[in-house]
Each structure stands twice: as C-alpha cells, then as structure tokens.
Amino acid sequence: MNIFEILSIIFCLCGGIFFLGGTVGLIRFPDTYSRLHALTKADNLGLGFTVLGLTLVSSSVPEILKLVLIWTLALISSSSACYFIGNHMFQIKKTVSRQNESNF
C-alpha cells in the first residue's frame, strides 16, 4: 500500500464523516434554513473530500476530469436547489406574516 492509497482512504473517510454529519443535521436541526445549511455545506464538502480521495488513486486524466465534473455539477445543483427552497420558504413566511398583520 503506497502513500497515495493511504491518503485516498483518509480523504474518503473524511468525506463519509461529513456526509454523516450532513445527514444528522438534516434530521436533527429545527428549521428549514438550518437543515438546508447542513445539507448543502456538509454534503458538498463530503463529496469534495471523496472526489479528492478518488483522484489520488485514479489511473487517467479523463477519470479525474469526470470526477471533478461530477463534483462541479453537484455544487451547482445543490446551491440552486438551496436557493429555490430558501426563497420559497421566505415567501411563505412573508405571506403568513402579512396575513397575521391583517387579522389584527
């Protein structure tokens, strides 16, 4: 076992720990915004560590480019989904607060 394989295992384990932390945050955090934060930040960092670990043991440049492309697409899609969900929740809260003000 060479140094790249050892580093690959360490980075993949770190990625798994971040995925686990993001999943626990998704289940345990109290509101939508906190859950979105846990889901997007921790999971993207976990995926980044996993991609970094896999690039260390990959055998060709196209494999590395595919891994980086997957990570980039995951970053873009998760940030877009987080924005849309957060914006929708903001609009719902704004509508509810206006309805509460009109009732008084």
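A: The model is a predicted one. Two packed helices are described by the angle between their axes and the distance between the axes. Here the pair consists of helix α1, residues 3–28, and helix α2, residues 32–57. Their axes come within 7 Å and cross at roughly 165 degrees. Angles over 145 degrees count as roughly antiparallel, and α1 and α2 are therefore roughly antiparallel to each other. The crossing in which α1 passes α2 is left-handed. In the contact of α1 with α2, the residues divide into 19 nonpolar, seven polar and three charged.

The length of α1 can also be checked. At 1.5 Å a residue, its 26 residues should span 38 Å, and the C-alpha atoms at its ends are 37 Å apart, which agrees.

As to individual positions, the buried residues of α1 are S8, G15, G22 and G25. These buried residues of α1 pack against α2. On the other helix, G48 lies in α2. The relative accessibility of G48 is 14%; buried means under 20%, so G48 counts as buried.

How values were computed. Residues numbered from 1 in each chain as written. Predicted model: local features only at pLDDT ≥ 70, side-chain atom pairs only at ≥ 80, totals over all residues. Heavy atoms only, no water. Axes fitted to C-alpha atoms, helices over the stretch in contact; angles between N-to-C directions. Helix = DSSP H or I, 4+ residues; strand = E, 2+ residues; numbered from the N terminus. Parallel < 35°, antiparallel > 145°, perpendicular 65-115°, else oblique. Left-handed = near helix turned anticlockwise from the far one by under 90°. Nonpolar A, V, L, I, M, F, W, Y, C, P; charged D, E, K, R; others polar. Buried < 20%, exposed > 50% of the residue type's maximum accessible area, 1.4 Å probe, protein only. Expected span 1.5 Å × (residues − 1). Contact = heavy atoms within 4.5 Å.
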